[in-house]
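Welcome! Let's get to know this model together, one question at a time.

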Amino acid sequence: PGAVDDYVNSHLQTPASNKYHNALEHIREKSIAAGLPDIACSAAQAKYLAIQVKIAKAKNILELGTLGGFSAAWMASAGPDVKVTTVELEEHNANVASKNIAEAGLQNQIDIQRGAGLGVLPKLVAEVKAGQRPEFDFIFIDADKQNNLAYLNLALPASRSGTVVIVDNVVRQGRIAYPDEAAKDERISATRNLIETIGKDERLDATVIQTVGEKSYDGFLFAIKK
Ligand code: DHB
Ligand code: MG
C-alpha cells in the first residue's frame, strides 16, 4: 500500500499541483526531525482533507490535535480565505507546528490554541456563541481518541447545518469491529462508543471509510450536520 501512495503521489502531488507543495513535504520531515511521533496523516489523506474543505466551501475549520501542523497546513492550503483553529496540548508539538506553519507562510491562516481540548474548546464555543468567532463549518478530530466523543459534543453546538465532521483513526487495523479488542484498549472502546453514539444522534448523518496506504489499515469517520 505504501508503494501505491508513492506512485500516485508522484503524479498527483507535484510542485506544480500546489503552491505549498514543498513546504508541506518539509513539515512532515521537520516534525520527525524535531522528535514528534510519525503519526500525522499521510500526504494522500491530507490532500483528501483539503479537497473536502474545498467541496464543502468551508472557511472556519476546527482541528483537535495539531501535532506538527501537517494537516492544518494542508487544510489551510485549500484557499487563502480558509482559517484553521487548531488545538494542541503538547507544548513541544505546538512550538514545532508554529515554526513549521510560519516557514510555510501560512501563519495568518492558522491559529494554534495551546492547551487541552477539554479546556480550550469550551472557550472557543463560548466565543462563537457570543458572536466573537464564526461558526465552525468543518471539524477534524485527530487527538487523544478517548475524548473523541467529548470533543464532538462540545464542538457541534458551535457548528451549523452542513458542517463536515471527520474523525481520524476509527478503524485501527480492523480492531474496532471486536469487543474483546475494546476491552484491551481504551482507544478502541472509545471509538466504538463514538460510532454507536453517532448512530443514535439525530444531529448527524455519518459513515466510516476504511483506508489503506503508507499509514497502514485505518479509516476516517465522515459526517455531516443535518
Ligand atoms: C496514533 C494517533 C493518530 O492520530 C494516528 O493517525 C495514528 C496513530 C496513535 O496515537 O497511536
Ligand atoms: Mg490520526
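Q: Which residues does G219 touch, not counting residues up to four places away in sequence?
A: A contact here means heavy atoms within 4.5 Å. G219 is found in strand β7, residues 218–225; helices (H or I, at least four residues) and strands (E, at least two) are DSSP runs numbered from the N terminus. With those near neighbours in sequence set aside, G219 touches V167, D168, N169, V170, V171, I209, Q210 and T211.

Q: What should I know about the numbering and the kind of model before going on?
A: Residues are numbered from 1 along each chain as its sequence is written, while chains are lettered from A and ligands numbered from 1 in the order in which they are written. Side-chain values use heavy atoms, without hydrogens or water, local features need pLDDT of at least 70, side-chain atom pairs count only at pLDDT 80 or more, and totals for chains, interfaces and linings use all residues, since this is a predicted model.

Q: Which residues coordinate the magnesium ion (ligand 2)?
A: Donors are N, O and S atoms within 2.8 Å of the metal (3.2 Å for Na, K and Ca), and sites may look incomplete because water is not among the atoms. Along the chain, the donors follow the spacing D-x25-D-N. At 2.0 to 2.1 Å, the ion is held by D142 (OD), D168 (OD) and N169 (OD1).

Q: Is D168 buried or exposed?
A: D142, another donor to the magnesium ion, has a relative accessible area of 14%, so D142 is buried. For D168 the relative accessibility is 4%, so D168 counts as buried.

Q: What share of the area of ligand 1 does the protein bury?
A: The residues around ligand 1 (those with a heavy atom within 4 Å) are I39, D142, K145, D168, N169, R172 and R187. Polar side-chain atoms lie 2.7 Å from an oxygen atom of ligand 1 in the case of D142, 2.7 Å for N169 and 3.4 Å for R187. Taken alone, ligand 1 exposes 300 Å² (accessible areas come from the Shrake-Rupley method with a 1.4 Å probe; for residues, only the protein chains shown count as cover), and the share buried by the protein is 71%.

Q: Which helices do the buried residues of α2 pack against?
A: Helix α2 (residues 21–33) has 13 residues and reaches 19 Å from first C-alpha to last. Its buried residues are H21, L24, I27, R28 and S31. They pack against α3 (43–56), α4 (70–76) and α5 (91–104).

Q: How far apart in space are D180 and Q210, C-alpha to C-alpha?
A: D180 is found in helix α8, and D180 counts as partly exposed because its relative accessibility is 49%. D180 and Q210 are 30 residues apart in sequence, and their C-alpha separation in space is 20 Å.

Terms used. Expected span 1.5 Å × (residues − 1). Buried < 20%, exposed > 50% of the residue type's maximum accessible area, 1.4 Å probe, protein only. Polar contact = N/O pair within 3.5 Å; in protein donor to acceptor, adjacent residues only side chain to side chain.
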